[in-house]
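Me: I am new to reading structures like this one. Could you take me through some features, one at a time?

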There are 2 protein chains.
Amino acid sequence: MYTDRVRLPCLLGKVMSAADAALLIEDGMTVGMSGFTRAGEAKAVPQALAERAKHSPLKISLMTGASLGNDLDKQLTEAGVLARRMPFQVDSTLRKAINAGEVMFIDQHLSETVEQLRNHQLKLPDIAVIEAVAITEQGHIVPTTSVGNSASFAIFAKQVIVEINLAHNPNLEGLHDIYIPTYRPTRTPIPLTRVQDRIGSGAIAIDPAKIVAIVVTDKPDSPSTVLPPDADTQGIANHLIDFFKREVAAGRMTDSLGPLQAGIGSIANAVMCGLIDSPFQNLTMYSEVLQDSTFDLIDAGKLSFASGSSITLSQRRNADVFGNLEQYKDKLVLRPQEISNHPEVVRRLGIIGINTALEFDLYGNVNSTHVGGTKMMNGIGGSGDFARNAHLAIFVTKSIAKGGAISSVVPMVSHVDHTEHDVDILVTEQGLADLRGLAPRERARAVIDNCVHPDYRDALNQYFAAACAKGGHTPHLLREALQWHINLEENGHMLWPSAEAAKLA
Amino acid sequence: MYTDRVRLPCLLGKVMSAADAALLIEDGMTVGMSGFTRAGEAKAVPQALAERAKHSPLKISLMTGASLGNDLDKQLTEAGVLARRMPFQVDSTLRKAINAGEVMFIDQHLSETVEQLRNHQLKLPDIAVIEAVAITEQGHIVPTTSVGNSASFAIFAKQVIVEINLAHNPNLEGLHDIYIPTYRPTRTPIPLTRVQDRIGSGAIAIDPAKIVAIVVTDKPDSPSTVLPPDADTQGIANHLIDFFKREVAAGRMTDSLGPLQAGIGSIANAVMCGLIDSPFQNLTMYSEVLQDSTFDLIDAGKLSFASGSSITLSQRRNADVFGNLEQYKDKLVLRPQEISNHPEVVRRLGIIGINTALEFDLYGNVNSTHVGGTKMMNGIGGSGDFARNAHLAIFVTKSIAKGGAISSVVPMVSHVDHTEHDVDILVTEQGLADLRGLAPRERARAVIDNCVHPDYRDALNQYFAAACAKGGHTPHLLREALQWHINLEENGHMLWPSAEAAKLA
């Protein structure tokens with residue numbers, strides 16, 4: 001069954017159970033595992049590790065590409081295995097542990113983790129655990145539905161455990177393009193000038209002697225939890241499509257736009273779906289995660305090529321994409337996240353980056369990560385890699401949340417992930433603010449007039465007017481700047497008691 | 001006198017007075033002028049424009065490379081000429097107008113202005129005014145002591161005014177390397193892999209028919225106002241040199257370190273001077289401004305090559321550098337700021353970026369621009385271009401200011417220019433915090449233990465302990481996070497009345 005997947009015969013002797021392989025991971029180790037946006041994560045070994053930790057406690061520092069599926073972060077957290085975790089996660093149990101200060105979480109730009117490893121600025125992984133569809137005749141590792149940081153983890157680790165996952169279609173082989181930047185000071189340019197360029201090899205080239213264990217599994221990736229478009233996300237998509245039309249009309253883009261990047265999640269996915277009925281054509285993607293919308297756009301004849309670091313699909317789309325992979329394969333490539341998100345390439349290609357904001361402020365500063373300025377949601381992910389160097393740095397969010405108790409547009413964000421310098425366009429279902437070339441006071445006008453929910457517009461106008469009366473390049477009232485967040489924390493509504501007080505007055 | 005500087009004879013007929021040339025600039029125009037860190041700015045035409053505006057009011061949108069010398073921003077502000085200004089300034093009169101909301105200031109990453117122009121995301125300059133040492137036989141423009149954005153301004157503008165400045169040594173010719181990225185979607189990698197590489201031409205290539213006026217001047221650049229090292233800046237330099245020694249010992253750098261970038265100003269200059277007596281050798285710089293310290297290091301035999309976008313020297317150093325330029329010329333190159341600061345090159349070369357913070361917080365977020373969160377100081381400049389992609393993103397500042405009324409280390413910065421994701425090392429005269437690979441709570445411990453002034457340490461410890469008790473990945477107390485800034489604004493001291501209250505309690 002698996003013997004045709006391990007094509008270097010001498011490695012067949014390394015096949016063992018997940019429990020035995022997990023014994024290679026020792027207390028205090030740094031472990032690099034495959035997995036990016038719930039795609040292609042090693043599944044059996046981390047689960048066996050969590051099992052073992054229940055009766056034989058141990059702690060590790062765990063690095064991945066991004067988030068893991070199959071509740072692995074939950075299981076590892078509950079088993080007390082995680083001392084440190086980087087660079088991204090989306091699990092609610094792990095999130096609680098991070099916010100309680102029990103797990104040290106290092107929230108990084110996704111392009112930077114392996115760069116810091118390469119320069120020995122982070123501790124190298126002692127061991128890597130990589131999911132694969134096959135091991136080649138040369139002993140090289142063919143990843144599955146994500147590349148993430150797997151290639152560099154396998155290269156840097158002293159020992160490598162490979163999980164051969166029979167649930168993945170073996171014809172994923174050929175989809176990957178593994179390029180690793182050379183070392184400084186003799187590093188050369190990344191020779192990628194078009195979305196579809198292949199610049200590396202089809203498998204992760206390591207010394208096969210480093211492969212110390214092979215575990216055979218058959219558990220599928222978790223499906224994505226993306227929600228279908230609703231009226232608000234459709235509104236956001238419509239505003240953005242109208243904006244793109246104006247950009248084309250102004251001669252700033254062709255009707256193929258530019259290479260598109262969309263962050264993970266329901267809003268960005270809905271925006272991409274909105275392009276199906278748009279007048280644009282021959283679209284391309286240069287993104288980190290390829291979601292349902294990527295394949296919907298290919299099926300609609302709108303998207304000619306998509307480059308990413310992972311494929312994460314809903315239950316609905318999973319079978320017809322991976323069951324019919326041959327019909328998509330010449331339009332796809334999966335790259336290491338260092339390359340999918342590399343600032344050099346993002347700037348060169350002129351990406352249109354569409355990412356989700358948790359909240360943004362009057363002046364266009366964006367909070368992507370911290371609820372109420374303190375509680376980690378998921379992490380910055382690749383949003384900074386793209387926004388900083390994009391042709392257009394676009395952030396989208398619904399204007400209100402929690403039935404109106406929260407405004408996503410606030411006087412001052414409670415945490416900054418993207419500064420005003422890096423944000424071009426803000427969109428809510430209310431409208432779109434084009435901040436390019438505007439000074440802060442002008443940005444505020446555009447944000448209030450276009451993005452804020454009507455229930456919060458007066459309050460935001462009042463804040464801005466009072467702040468301007470006080471002066472400054474970026475007017476603020478420090479005593480009131482975070483009051484909306486304080487109201488929410490203390491009273492459950494951003495405008496309470498202020499709004500109540502105003503009514504009484 | 002100037003005829004040998006204008007080597008395309010047909011252009012000699014374009015020589016005119018500054019007043020006449022200034023008449024080409026009309027009300028409402030967008031004007032791109034040379035000038036970067038008080039070096040190589042057009043001098044006579046803006047002055048004539050300010051004169052003219054006194055009796056014949058007009059408004060323009062002014063773009064430069066960075067700051068101007070010779071009080072030009074002051075004169076233009078006082079004459080009411082500036083409607084809009086980008087991307088950087090350092091003038092106190094202009095600063096007041098910006099903070100009063102009278103001049104719309106667009107504070108940009110210095111690598112991005114011409115990229116946005118190239119993509120028509122900013123209005124192209126109607127006219128460019130460029131200081132030059134010469135115009136070549138082909139009608140190409142040879143810049144003076146800065147390149148800045150001059151090349152792209154001249155390329156994009158419909159009309160170009162050239163100021164031939166006889167005060168500059170004509171042998172500046174040969175110092176410049178003008179490379180302009182190609183247009184998307186066929187842009188190619190920037191072929192620069194070593195600090196000393198020359199990849200472009202020695203002059204700005206434009207159609208000479210666009211040169212509509214030539215003005216002859218002889219006013220020198222303003223000298224830099226850099227202060228000599230003091231005990232505190234020497235302390236910062238010492239901490240940083242000790243850190244570099246540890247990095248070399250750990251094998252993470254060689255004793256040539258990496259290409260150095262130092263922000264403008266006294267602190268960064270002092271840090272660079274500190275390297276003169278260090279054990280490091282064959283140092284290189286890949287920076288935006290080359291200050292006194294660059295030449296002190298060359299004279300000391302420590303620095304083998306320096307790449308920048310401008311040369312800004314003190315009165316003391318000016319004559320002996322520009323009077324003996326031949327002895328430095330093979331160790332120098334001046335590039336467009338788009339290239340000196342380009343994320344592609346910064347990441348490839350592995351820059352060590354040393355920039356000055358106005359303040360930073362517990363978690364390593366840095367404010368480079370806004371006093372009290374509202375009042376613009378100078379602008380972000382190139383600090384973000386370097387910090388985001390540097391091998392080491394280092395920020396330096398004295399731990400206190402205004403005789404101790406201000407702590408540069410605060411619970412929460414009042415404005416964020418560099419997020420925690422982009423900051424590796426923080427240094428004050430108190431010590432150095434190495435934040436690499438640390439989670440926020442660990443970063444806070446490193447910052448408090450190493451960087452904060454003793455007078456503020458207890459208060460910061462108290463804040464951090466109370467915030468941790470409340471929880472969160474990045475613990476904060478929103479009601480108190482900006483209290484130090486509010487205290488300063490209202491009472492003139494960051495810990496008053498809190499400290500007084502504490503004493504009474």
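Me: Which residues is A:Asn378 in contact with, leaving aside its neighbours within four places in sequence?

Reply: A contact is counted when heavy atoms lie within 4.5 Å. This is a predicted model, so read each contact as part of a prediction. On that basis A:Asn378 touches A:Phe88, A:Gln89, A:Val90, A:Arg95, A:Phe105 and A:Thr369.

Me: Where in chain A is A:Asn378, and is this residue buried, partly exposed or exposed?

Reply: A:Asn378 sits in the loop between S19 and H13. For exposure, use the cut-offs: buried is under 20% relative accessible area, exposed is over 50%, and partly exposed is in between. A:Asn378 has 22%, so it counts as partly exposed.

Me: What does the record say about A:Asn378?

Reply: The UniProt annotation "binding site", from an unreviewed entry, covers A:Asn378, A:Gly382 and A:Lys402. They are spread over 25 residues of sequence. They are spread in space too, up to 26.2 Å between C-alpha atoms.

Me: Where is A:Lys402, and how exposed is this residue?

Reply: Look in the loop between strand S21 (400–401) and strand S22 (406–407) of chain A. A:Lys402 has a relative accessible area of 70%, so it is exposed.

Me: Which residues make the nonpolar surface patch?

Reply: A patch takes residues with over 30% relative accessible area and no salt bridge. Here A:Leu358, A:Val371 and A:Met377 make a nonpolar patch of about 200 Å². A:Met377 is in the loop between strand S19 (375–376) and helix H13 (383–389) of chain A. Its relative accessibility is 32%, so A:Met377 counts as partly exposed.

Me: Now a case in chain B. Is B:Ser67 buried or exposed?

Reply: B:Ser67 is buried, at a relative accessible area of 2%. Its place is the loop between strand S2 (60–63) and helix H3 (72–78) of chain B. Beyond its neighbours within four places in sequence, its contacts include B:Gly35, B:Phe36, B:Thr37 and B:Arg38. B:Phe88, B:Gln89 and B:Val90 are also in contact with B:Ser67.

Note on methods
Residues are numbered from 1 along each chain as its sequence is written. Chains are lettered from A and ligands numbered from 1 in the order in which they are written. This is a predicted model: local features need pLDDT of at least 70, side-chain atom pairs count only at pLDDT 80 or more; totals for chains, interfaces and linings use all residues. Side-chain values use heavy atoms; hydrogens and water are left out. Patches are made of residues with over 30% relative accessible area and no salt bridge: like charges are joined within 9 Å, nonpolar side chains (Val, Leu, Ile, Met, Phe, Trp, Tyr) within 5 Å. Accessible areas come from the Shrake-Rupley method with a 1.4 Å probe; for residues, only the protein chains shown count as cover. A salt bridge is a side-chain nitrogen of Lys or Arg within 4 Å of a carboxyl oxygen of Asp or Glu. Helices (H or I, at least four residues) and strands (E, at least two) are DSSP runs, numbered from the N terminus. Buried means under 20% relative accessible area, exposed over 50%, partly exposed in between (1.4 Å probe, protein chains only). UniProt positions are given in the numbering used here, feature names are shortened, and annotations may be inferred rather than shown by experiment.
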